[in-house]
Every structure is written in C-alpha cells, then in structure tokens.
Amino acid sequence: MSMPPPNVTGRLHMGHAMFVTLQDIMTRYARMCNRPTLWLPGTDHAGIATQMVVEKVLEGQGRSRQDIGREAFTQEVWKWKEQYGGFISQQMRSLGASCDWSRERFTLDTQLSDAVLEAFVRLHDKGLIYRGNYLVNWAPKLQTAVSDLEVEYSEEAGYLYFFKYCVADSEEYLPVATTRPETILGDTAVAVHPEDARYKHLIGKQCLVPFVNRRITIIADEYVDREFGTGALKITPAHDPNDYEIGKRHGLEVINIMNNDGTLNANAGDYCDLDRAEARTKLWADLEAANMTLKKEDYTVRVPRSQRGGEIVEPLVREQWFVRMQPLAQPALQAVREGDIKIVPERFEKIYNRWLENIRDWCISRQLWWGHRIPVYYVFPNQESADASETGRCDDYVVAKSADDAMQKAQLQYGNDVVLRQEQDVLDTWFSSGLWPFSTLGWPQTDPPTSDLAKFYPTTVMETGHDILFFWVARMVMMGLEFTGQVPFSTIYLHGLVRDEQGRKMSKTLGNVVDPLDVIQKYGTDALRFTLATGTTAGQDLNLSEERLLSSRNFTNKLWNAGKFILFNLEQLDEEEWSGLAQADFSSPGALHQLPLPERWVLSALHQVIDRSSTAHERHDFGDAGRMLYDFCWGEFADWYIEAAKARLYGQDPQAALQTRQVLVYVFDSLLKLAHPFMPFITEELWQAMPHQGDALISAPWPSSSGPVDTGALQQFEALQSVVRSIRNARAEYGVELGRKIPATICVAADNTREALQQEAAVVCLLAKVDSEALAFDASTSKSNGSSGEQDSSITVVVQEGLEWRLAVRALDSHPACLRIAGLFDAKKEQQRLEKQQVKLEKDLQGLQGRLKNPKFVQNAKPEVVKEAQQAALEGEQKLAQIQQKMQQIAHLL
C-alpha cells in the first residue's frame with residue numbers, strides 16, 4: 001500500500017490524521033495476519049506551495065527568485081526542504097504510522113524523477129502529449145496555471161450588472177446581465193435561447209461591443225438559461241469555461257484581453273494596462289456616462305480563488321502542454337466495470353465513471369521553477385536565433401530524457417549546428433504523483449524478479465479522501481494501466497472529510513480548525529485514532545466532537561484499568577506460573593468443556609467477536625470492527641466477566657482461581673490484539689506488561705478464528721445477566737440501601753438453566769448483592785403453579801419466559817413473613833410515593849379518555865392527533881396497572 005504523499009510543506013491536519021489512522025489499521029492487521037506487508041511512505045514536492053514558502057523567505061531577505069536566477073533558487077528550495085521538509089513525516093510518526101520509513105520516497109528523488117521523464121517521453125512518442133492553446137485556471141500573482149483541485153470557490157457579495165447591447169444598424173438594444181463587466185471588451189457573441197420569443201427576431205443580427213465597436217453576432221444556443229438575468233448571455237470564450245465551449249460549438253473568435261499579471265492588454269483599447277478590478281469600475285462608469293446601463297443589483301457571486309495564494313483565479317487561454325485523456329480513460333473505465341478495481345463505497349463508481357466518460361485533456365504544464373522540468377528541448381538553427389527568442393520557444397523541438405539524448409535527436413533531425421533551449425515550465429505535481437504506486441517501487445526498472453516492483457505491484461489498496469477521486473486516484477489508474485499493463489491497486493477505499501461538531505468544513509475563516517496535535521495533547525493519540533476510525537463509515541464525513549473524543553479516551557482508560565486489575569491479581573505469581581499463563585490457549589475444540597459457566601461464556605463471546613472483527617477488517621469496515629471491540633471490552637469483559645471473576649479469584653479454591661487467571665490473561669491478550677490496529681500505544685504497553693509470547697504486539701499473530709463457542713453457555717449466562725439486572729433494577733426502584741444484601745428466590749422452569757445458575761450462586765450474590773444464606777432456587781414459577789406475588793406473599797419479577805425471581809416473604813420458620821425483609825426499604829414511604837403517582841396518572845388518563853369519548857374531537861381532529869391521544873391513553877392504562885400491581889405487592893408488607 002502506498003501512502004498518499006502529503007505536501008513537503010505540510011503541517012499535520014485532521015485529513016492527515018484520518019488517512020494515517022485508517023492505513024495504519026490496514027497495515028497492522030495485515031502484518032498480524034502474517035501477510036507480506038509494505039506500507040510505503042513519502043512526500044510530494046508540492047510545486048506551488050513550496051515555491052511560495054521559499055519566495056517569502058527570500059522576500060524577507062530583500063531578494064527575489066528573479067534576482068538570483070533559476071539554478072540558485074532551486075538550490076535554495078532544496079536547502080529549505082532538507083531543513084524543514086521532514087516535519088510532516090515526524091508528525092505522522094507521532095500518530096503511530098507503522099510504515100517502512102527506511103523506504104521513504106520524495107517525488108523529486110532521482111529514481112522517481114527518472115520515472116517521470118520515462119513516462120513523459122513514452123506518452124509523447126504515442127502522440128498523447130501535445131502543445132496547444134486551451135482555457136486554463138490562471139493565477140495572476142503566482143504567474144502560473146493551477147489545477148482544478150487548487151481552485152476553491154467561495155460565495156461572496158458582488159453585483160449583477162445590467163446593460164444595453166446595441167443592435168447594429170438599429171435603434172434597438174439587447175438587455176444583457178453579467179457579473180464581470182470588464183470582460184465585455186473580449187466578447188465575440190451574444191447568445192439567446194432559440195425558443196425565447198423575446199429575442200427570436202434578433203438571432204443572426206449583430207451587436208456592437210461598447211467602446212471598441214467590434215461587430216459580434218447574436219447566436220442561438222440551448223445552454224442559455226432564460227430565467228437568469230435578462231435571458232441574454234454575453235459570450236467571452238477567452239475568459240469563461242462555459243463560454244469557451246459555446247465558442248467552440250459556434251466557431252467564435254477567441255480574444256484575450258488580459259496579461260499574465262491580471263492587467264488588461266492592448267485588445268482592451270483605452271483600458272489597456274488597468275488592473276482587472278480597476279477596469280471593471282472604470283468601464284461601468286463609462287457605460288453609465290454613455291447611458292448604456294440599466295441597473296446594478298446586489299448578487300452573491302461564486303468566486304474562484306487560488307488555494308495557495310487566495311487570489312481570484314482568471315480563466316485564460318494559454319499555450320500549455322496537455323495530455324490527451326480519452327485514450328487513457330477507456331481502460332480505466334473498463335477496469336472498474338469488469339471488477340478489476342473495487343471502489344468502496346460502491347456509490348462512488350458512478351462519480352468515477354461520469355468523470356472519465358466526460359474527461360477533458362489535462363493541462364500538465366506549470367509556470368514554476370520548482371518541480372520536474374518538462375523534457376522538451378526547442379531546436380534553434382544557431383545561437384543568434386536562440387538568443388533572439390524572448391520565450392525560449394520555437395516551433396521545432398525534440399523530447400528526450402536528458403540534454404545529451406536531446407542533442408543527439410536534434411542533430412540527427414536538424415543538423416549538427418543546432419542550439420537547444422529546454423522548456424522553462426515544470427510538470428503539474430499531479431503528473432508525478434499519478435505514477436506514485438509503481439514509481440516508488442522502482443519502475444521503470446523491472447529487474448530482478450525479487451525487486452519491490454515484482455513483489456508488491458500491483459498494490460492491494462489505495463486509501464484516500466473521496467475529494468481527490470478524480471484528481472489523483474483516477475489518474476493513478478490510467479497511468480498504471482498505461483505503463484505497467486496492470487491496475488495499480490485492486491481496491492480504492494475512500495474516506496470522508498473530517499468536519500467540525502456542527503458539520504461545517506474546517507477552515508481558518510470560520511475559526512473552527514481542530515489541530516490534531518492539540519487533540520492528542522488533551523485526549524491522547526489512541527483516543528483520536530479510535531474516534532476517527534469508528535466515528536463514521538467509508539465515504540461518509542465525520543463530525544468531530546468533544547463528546548466522541550471523551551468517549552474514546554474513557555475507553556482507553558477502561559482498557560488500562562482492566563489491565564491493572566489483571567496485573568494486580570498476578571502479583572504473587574512466580575516465574576513458572578507467569579510463563580504458564582503466557583501459554584494459556586482456549587482456541588482449540590474442546591477447550592471449554594471443563595470450565596465454569598462465566599469462563600465458557602466469556603470465551604465463547606470472545607471467539608464470536610474475533611470472527612466478526614476479522615470479517616469486518618477483510619471488508620474494510622473498520623468502524624464496525626472498532627464498535628464490536630468497544631461493546632465487548634466495555635460491556636461483556638469489563639462490566640460482567642471481570643466482576644464475575646472476583647468470585648473465584650477471591651474464593652477458597654486455588655485451582656478455580658488459577659483457571660480464572662488463565663482465562664483472564666487469554667481473553668485480555670486477544671482483546672489487546674484486536675485493539676492494537678486502532679490503539680497501538682496503550683495496547684503495546686499493556687501487552688508488554690502481561691504474560692505473553694513474542695517480542696512485540698505489533699508483530700504478534702492475529703487471534704485465531706473459528707474458536708470454540710458454547711451456545712448453551714451463552715444462553716445460560718444471559719439468563720444470569722437478566723436475573724442480576726432485574727434484581728438491581730428492583731433494588732433501585734424500591735430504594736434498598738446500596739450495601740444491603742437481600743434475600744431472593746430464583747424460579748427457573750428449565751432444569752439445565754436452573755442447575756447452571758445454582759452452580760454460579762456465588763456470582764449472583766456478588767453481582768446482585770444477594771444474601772448467600774437467603775438465596776433459594778425453585779423449579780416452579782408463578783405461571784407454572786398458578787400462584788402470584790399476591791398469593792404467596794412475595795414481590796415477583798418476571799425476567800423472561802420460564803425465569804423469574806422474587807423477594808420471598810413466605811415464612812421458612814415460625815416468624816411472620818414481613819420480618820424476613822423488614823428494613824430492606826421503607827414500605828410505607830414507597831406506598832405513599834406510588835399513591836401520588838396513581839392519583840396523577842388517573843387524572844391524566846381521565847382527561848385523555850374524556851377527549852376520546854367526545855365525538856367532535858374524534859371527527860374534527862387530525863387523524864394523527866387522535867392516534868396520538870389513543871396511544872397516550874393506552875400507555876397511561878399500562879403504567880397505572882403496573883403501579884397498582886406494585887401497590888398490591890407492598891400492601892402485604894405493611
């Protein structure tokens with residue numbers, strides 16, 4: 001598995017914490033299952049982000065990259081990388097990332113750079129890379145094209161400008177609305193909907209572009225929204241992606257009015273050299289002065305901003321290098337369609353397919369100095385012509401992996417006196433990261449057969465956020481199939497975004513960014529990891545809350561306290577006994593036969609959890625695996641078995657105590673192994689302190705599956721739990737003092753269950769605070785003998801069919817029955833409390849019944865209101881009956 005390479009400039013955020021957690025869970029599980037496992041880490045050179053950081057450093061020194069030149073600037077960036085570039089890796093290690101750090105890769109490493117050159121040359125030789133003019137996202141301040149992923153759209157207050165587009169040779173005008181009036185100067189058409197009756201008569205006529213008086217045609221296109229603005233749309237193919245597509249359909253001229261720095265060029269006439277914002281203000285003022293405006297309305301504008309610099313991104317037509325994507329997309333579509341790649345969750349297959357089916361050519365050139373320089377060499381006939389070229393470009397060029405190779409190619413094709421100039425642009429960062437799954441394993445070198453590429457490619461799974469399914473994951477699939485003939489991974493696992501408690505995306509603007517390092521400081525790394533892994537399912541966003549984190553921290557505390565309890569009970573053991581516990585194994589058939597009920601129950605429940613947890617891991621359902629672990633560890637093991645174990649640990653039978661210690665150690669050892677992928681730090685520390693086999697938990701074997709399960713023990717202990725719960729509830733209901741032990745008779749119809757509970761009488765007494773000398777078991781129940789609590793002067797609680805218990809009042813000697821439970825609770829006070837409840841319930845019930853008996857209410861009220869009243873009345877009758885039954889039982893005690 002390849003780690004998605006974070007930017008070398010990065011600082012740990014919750015997205016990193018999420019992917020590190022999930023990938024580490026996968027890795028630790030696979031390793032413990034004894035599968036050959038390689039989780040390969042690395043970082044991305046992050047062209048724009050890194051160049052910006054170093055430029056700011058230079059600016060602070062009173063220098064610029066232009067001052068020092070390309071070579072010196074690149075050296076400065078490498079120095080910065082060596083000093084600060086490992087910071088993000090160290091932070092990921094602190095999260096417990098158990099990858100092979102000795103193999104850490106960087107996208108500008110020599111071997112990976114060679115892979116980039118190889119890929120570019122191969123694609124170009126196949127005619128899949130070309131140079132052309134196309135609309136790109138242009139960042140004027142950064143002076144480079146940026147990818148779609150690096151453009152963030154924000155809803156901002158702006159205006160919708162309504163103005164007159166004068167129809168040529170006519171007194172008529174066409175009303176048009178726009179959010180960017182400065183682009184009027186680049187218009188080459190006005191479009192209306194072909195079925196719009198308002199403007200149908202104008203189709204084919206011409207308009208005059210204000211202030212430049214260029215004639216443009218009024219065209220018909222179904223793209224136009226008749227409800228937006230005036231229903232007439234100005235078309236500026238050079239400065240809007242939708243207009244660009246309309247322009248291609250109608251063969252419109254593409255007029256660029258903007259320079260690289262965001263100022264207007266000579267095509268803008270009198271507005272030349274004005275900044276785009278200044279030009280907007282001046283142009284609108286001039287339109288007003290010329291009586292060509294209609295109105296200006298407040299309007300919320302969707303503004304594209306650079307993710308890196310925050311500046312408004314400008315759609316511009318620029319000469320760039322592109323990859324033809326359609327031939328690469330078809331095999332990638334087929335791979336998912338035929339099941340060679342599985343996407344988890346499955347619903348993202350539609351999104352993946354839709355993007356690839358409508359894919360556009362990929363702009364891969366960036367106007368930067370930091371990155372993989374494009375291996376294109378322009379061929380000039382002599383030095384003079386090379387020096388005369390302002391851009392360093394010409395029509396003739398060769399593509400080669402090195403300057404020497406390029407010279408050989410150029411001389412063969414153009415003669416020996418040629419002069420070469422390498423392309424100034426670098427490749428989009430996503431180009432190198434698209435090769436990541438195989439370039440990091442040594443591609444294009446495929447020998448020897450024992451190489452990492454031969455052993456680990458194709459990789460097993462690619463785990464990453466669903467927001468980069470197109471930008472990165474789909475490109476890796478296309479590149480992998482193109483260059484290796486194999487899919488790069490068999491499973492794509494997509495996690496959701498980590499949002500704040502209110503479900504909002506974390507952003508500095510909102511001030512709701514949660515720093516993982518702060519969370520770790522407060523709650524611990526294990527708690528953060530467990531929260532991220534179990535708080536959601538694949539593809540779903542996670543709302544991170546203090547409550548979730550606190551619950552996870554409490555779970556780690558529960559695990560720690562369980563370990564302390566077990567170690568406390570092992571303190572007096574000698575070395576031989578300690579080693580014997582490390583050998584305890586109950587995973588083989590027949591291992592449960594001679595054990596007491598609580599031990600058979602907890603081992604059976606454990607073996608079921610192991611099987612279910614393993615299945616959940618195999619289907620990448622980490623949330624389910626974690627929640628099963630949580631429920632068993634907290635519910636069954638800590639709350640029930642550890643408490644039940646005290647009866648034998650502190651009893652008089654040494655053999656029984658030894659048996660219990662063996663089960664405790666075995667179960668806890670298995671629990672630590674199940675929890676280790678989620679919580680590596682606390683589990684490793686506890687495991688090292690316990691009797692164990694092996695050197696480290698990280699390399700210990702995963703618990704064996706298909707362990708023995710005693711279904712009878714599961715049912716019988718469930719009956720014991722039900723009895724204990726009902727006794728505890730009754731104690732609380734009748735206000736019995738916490739420490740006071742009570743008498744009880746447990747009536748069980750089934751012989752085997754009754755015998756099992758009788759054998760565990762000590763456990764029942766311990767957990768329910770029952771007086772061991774006043775605990776009795778009976779085969780008859782109120783149902784079987786026709787008696788009731790009222791008839792035999794006892795308080796009876798039905799636990800389940802064939803199982804009940806009662807506070808026996810029936811005299812076993814000559815003393816009155818009431819003396820047997822005198823003092824357990826204040827019967828008179830309880831009776832008074834119940835009488836108050838009875839009065840209130842009767843009053844409420846009388847009101848409800850009165851409404852329901854009123855024909856007007858039943859006929860006129862809404863059906864759901866009548867139904868709600870009927871339900872409330874039914875519940876009131878049931879509660880009243882319960883209170884009256886309790887009052888009858890207590891009456892016998894007065």
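For sorting linings, I count Ala, Val, Leu, Ile, Met, Phe, Trp, Tyr, Cys and Pro as nonpolar, Asp, Glu, Lys and Arg as charged, and the others, Gly among them, as polar.

I am working with a predicted model, where local features need pLDDT of at least 70, side-chain atom pairs count only at pLDDT 80 or more, and totals for chains, interfaces and linings use all residues. Residues are numbered from 1 along each chain as its sequence is written, and side-chain values use heavy atoms, with hydrogens and water left out.

**Cavities.** A cavity here is a set of points, on a 1 Å grid over the protein atoms alone, where a 1.4 Å probe fits but cannot get out; lining residues have an atom within 4 Å of a point. Volume is the space filled by probe spheres set on the points, with grid points joined across faces, edges and corners.

The second largest cavity comes to about 50 Å³. Its lining includes His45, Glu150, Arg366, Trp370 and Asp428, and I sort the lining residues into five nonpolar, four polar and three charged.

The largest cavity has a volume of about 80 Å³. Of its 15 lining residues, Tyr493, Ala533, Thr536, Thr537 and Ala538 are the closest to the centre. I get seven nonpolar, seven polar and one charged for this lining.

**Salt bridges.** I count 43 of these (a side-chain nitrogen of Lys or Arg within 4 Å of a carboxyl oxygen of Asp or Glu).

- Glu76 pairs with Lys79, with the closest N and O atoms 4.0 Å apart. The two are three residues apart in helix α4 (residues 70–84), so about one helical turn separates them.
- Glu546 pairs with Lys522 at 3.4 Å between the closest N and O atoms. Because Glu546 is in helix α19 (residues 546–568) and Lys522 in helix α17 (residues 516–523), the pair ties together parts 24 residues apart in sequence.
- Asp710 pairs with Arg600, and their closest N and O atoms are 3.1 Å apart. Asp710 is partly exposed at 21% relative accessible area, while Arg600 is buried at 14%. My cut-offs are under 20% for buried, over 50% for exposed and partly exposed in between (1.4 Å probe, protein chains only).

I also noted one network, in which bridges with shared partners join Arg180, Glu182, Arg276, Arg280 and Glu314.

Note on methods
1 Å grid on protein atoms, 1.4 Å probe; cavity = no way out; pocket = protein on both sides within 12 Å on 5 of 7 lines; lining within 4 Å. Helix = DSSP H or I, 4+ residues; strand = E, 2+ residues; numbered from the N terminus.
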